[in-house]
Amino acid sequence: MEPSGGEQEPGAVRLLDLPWEDVLLPHILSRVPLRQLLHLQRVSKAFQALVQLHLARLRSFDSAQVGPQVPRAALGRLLRDSEGLQELCLESCRDWLSDEDLEPVLSRNPGLRRVGLAGCGRLSRRALVTLSLSCAQLRCLSLAHCDWVDGLALRGLADRCPCLEALDLTACRQLRDTAVAYLAQRRGAQLRSLSLAVNANVGDATVQELARCCPQLEHLDLTGCLRVRSDAIRTLAEYCPRLRSLRVRHCHDVAESSLSALRKRGVDIDVEPPLQRALVLLQDVVGFAPFVNLQI
């Protein structure tokens, strides 16, 4: 089988002679890494057309599959015809991705359900407005380490994304209790996963509002939220029966007494009970630990 060009031997079949819609696109190009597709486009105009047709049919795009540092021009070529994306991750474009790069992609793909923008610090609130206006089916969004996310941006997202189930706001340091509480009030009925890790301005008011408004909440990350205290965790235990995991490492005012009810329900908590921590420390120091029945 010949890829293209050159003299064709009798009986030989060129790759491009195979049916595009029935064979090449679903069974061959779907198995080719995105990085290789960029090279394949350069073989000929026919291959360029084939690759672009394949890219236009993509349902999922992760820029990390192209490489750790994706050039702006390459991303433009890969996504210029896409209109049916459901998943989009551009975290490896964080060093240069701007509103002007992202907005056309969001506008052309209204069916997006999962979007990853972690670390994309050159974006602004404008990109989030475009996302919320264009992608009404959005369910999962990562904005971790995006310092530009403020209360106004979060309110717009809460108002316009009725299907939102999972949101990563790790280290979005501009956020305050009032903005996250508004998110809980507007979208709490379906919110299942939320990360507020490393947000020093998030405290008890946020956790209590999440507890009251988010009965479906399964995963909550409060790592490093220094203003969260035990009373808020008790409220969480009372009002969130579906909670499966809770992250409270470095929350120094959260006592074991507030976590014990969650432990009894089988909730995965990232800090060990004090007695167990003491036994581990003792074993590290003296080389052994006495047997203690932790079930008592």
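Buried means under 20% relative accessible area, exposed means over 50%, and partly exposed is in between (1.4 Å probe, protein chains only). Keep that handy for the tour. What you have open is a predicted model, where local features need pLDDT of at least 70 and side-chain atom pairs count only at pLDDT 80 or more, while totals for chains, interfaces and linings use all residues. Residues are numbered from 1 along each chain as its sequence is written, and side-chain values use heavy atoms, leaving out hydrogens and water.

Start by selecting Asp150 and Arg125. They form a salt bridge (a side-chain nitrogen of Lys or Arg within 4 Å of a carboxyl oxygen of Asp or Glu), with the closest N and O atoms 2.5 Å apart. Asp150 is buried, at 13% relative accessible area, whereas Arg125 is partly exposed at 34%.

Next, pick Glu165 and Arg139. Here the closest N and O atoms of the salt bridge are 3.3 Å apart. Both ends are partly exposed: Glu165 has 26% relative accessibility and Arg139 has 33%.

Now jump to Arg249 and Asp270, another salt bridge, with its closest N and O atoms 3.9 Å apart. Arg249 is partly exposed at 40%, but Asp270 is buried at 17%.

How many salt bridges turn up in a search of the whole structure? The search finds 16.

Last stop: select Arg155 and Tyr182. Arg155 lies over the face of Tyr182, 4.4 Å from the ring centre. A charge sits over a ring if NZ of Lys or CZ of Arg is within 6 Å of the ring centre and within 35 degrees of the ring normal.
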